[in-house]
Each structure stands twice: as C-alpha cells, then as structure tokens.
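This report describes how one protein chain is packed. The sequence and the model come first, and the notes follow.

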Amino acid sequence: MEHVRREARLGTGFSANDFERAYRQFVEFYNVAPQRIACPPDVLSRFSTVFERSADAAHRAVGSLFYEGVPLVAAVLPPGTIAFEGEVDEERMGDW
C-alpha cells in the first residue's frame, strides 16, 4: 500500500459545495475514499459552522467530526487548506 496525500486550498469562507468538491476530487483521482482529513483550526471551525450548524462543535467535539465517515483531525497547515490522506494499493493504481 502507498500512503497518498492531496492538499486543497478552500479559503476561509468555503461553502459545503467547495468542501464536497475537494473530497470528490480526491476520490476520483485515487479511486478510494480518504482515511482522514487533516485541517487547520480555521477549517475545523468553518466545517463546524457549515456542516454541524455550530462554530463551537469543533471545540466541543474534538475527535468526533466526520465527513462521509472520514474523521477530520487537527493539523498544522496554512489557513484555509485541507489535506486528504489515505492508502492506495500500488498494483491497482491506474486500473480505473
């Protein structure tokens, strides 16, 4: 298995569609769902506002934010940036 990582710049005021598009791009590129989504604090707060309807959810629910079953985790990244991480079978890469 090969560890893969793809960063996306969403900006600080991203919409649900922006986040969903970045997620789909990872899935389409690697043909696999990510295993985790690394986010800086501003993205976690914005995600909570957009998807959880509460900016406080990011602080109250550390370790319990998910998108499509994939956990969002805090990371040191530039503001407005997310990183999708996962594993891809090297022998299946390119078979789709």
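## Aromatic cluster

Ring pairs join Phe14, Phe19, Tyr23, Phe26, Phe29, Tyr30, Phe47, Phe51, Tyr67 and Phe84 into a cluster. Rings of Phe, Tyr and Trp (its six-membered ring) count as a pair if their centres lie within 6.5 Å; planes under 30 degrees apart are stacked, over 60 edge-to-face, and the rest tilted. The structure holds 13 aromatic pairs. One of them is edge-to-face because the rings of Phe19 and Phe51 have centres 5.6 Å apart and planes at 65 degrees. Phe19 lies in helix α1 and Phe51 in helix α2, so this pair ties together parts that are 32 residues apart in sequence. Helices (H or I, at least four residues) and strands (E, at least two) are DSSP runs, numbered from the N terminus.

Phe51 also forms an edge-to-face pair with Tyr67, at 5.5 Å centre to centre and 65 degrees between the planes. That pair again links distant parts of the chain, with Phe51 in helix α2 and Tyr67 in strand β3 (residues 66-67), 16 residues apart. Phe19 is buried at a relative accessible area of 0%, and Tyr67 counts as buried at 9%, whereas Phe51 is partly exposed at 23%. Buried means under 20% relative accessible area, exposed over 50%, and partly exposed in between (1.4 Å probe, protein chains only). Arg6 lies over the face of Phe29, at 4.5 Å from the ring centre; the criterion is NZ of Lys or CZ of Arg within 6 Å of the ring centre and within 35 degrees of the ring normal.

## Basis of the values

This is a predicted model, in which local features need pLDDT of at least 70 and side-chain atom pairs count only at pLDDT 80 or more, while totals for chains, interfaces and linings use all residues. Residues are numbered from 1 along each chain as its sequence is written, and side-chain values use heavy atoms, with hydrogens and water left out.

## Nonpolar core

The largest nonpolar core has 21 residues, and Phe19, Ile37, Leu72, Ile82 and Phe84 have the most contacts inside it. Such a core is a set of buried Ala, Val, Leu, Ile, Met, Phe, Trp, Tyr and Cys residues joined through side-chain atoms within 4.5 Å. At least two of its residues come from each of β1 (2-9), α1 (16-30), β2 (36-39), α2 (41-51), β4 (70-74) and β5 (81-88). The largest share, 5 residues, is supplied by α1.

Leaving aside residues up to four places away in sequence, Ile82 touches Arg6, Glu7, Ala8, Leu10, Phe19, Ala22, Ile37, Ala38, Cys39, Val43 and Leu77. Contact means heavy atoms within 4.5 Å.

## Sheet and helices

The 5 strands form an open sheet in the order β1-β5-β2-β4-β3, with mixed pairing. Two strands pair if DSSP finds at least two bridges between them. β1 and β3 stand at the edges with a single partner strand each, so one side of each is left without a neighbour in the sheet. β2 runs parallel to β4, joined by 3 bridges, and antiparallel to β5, also joined by 3 bridges. Ala38 stands opposite Ala83 in β5 and has Val73 as its bridge partner in β4. Cys39 stands opposite Ala74 in β4.

α1 lies across β1, β2, β3, β4 and β5, running at about 25 degrees to β5. Axes are lines fitted to C-alpha atoms, for helices over the stretch in contact, and angles run from 0 to 180 degrees between N-to-C directions. In α2, the buried residues include Val43, Leu44, Phe47, Ser48 and Val50. Arg53 follows α2 and has a positive phi, near 60 degrees.
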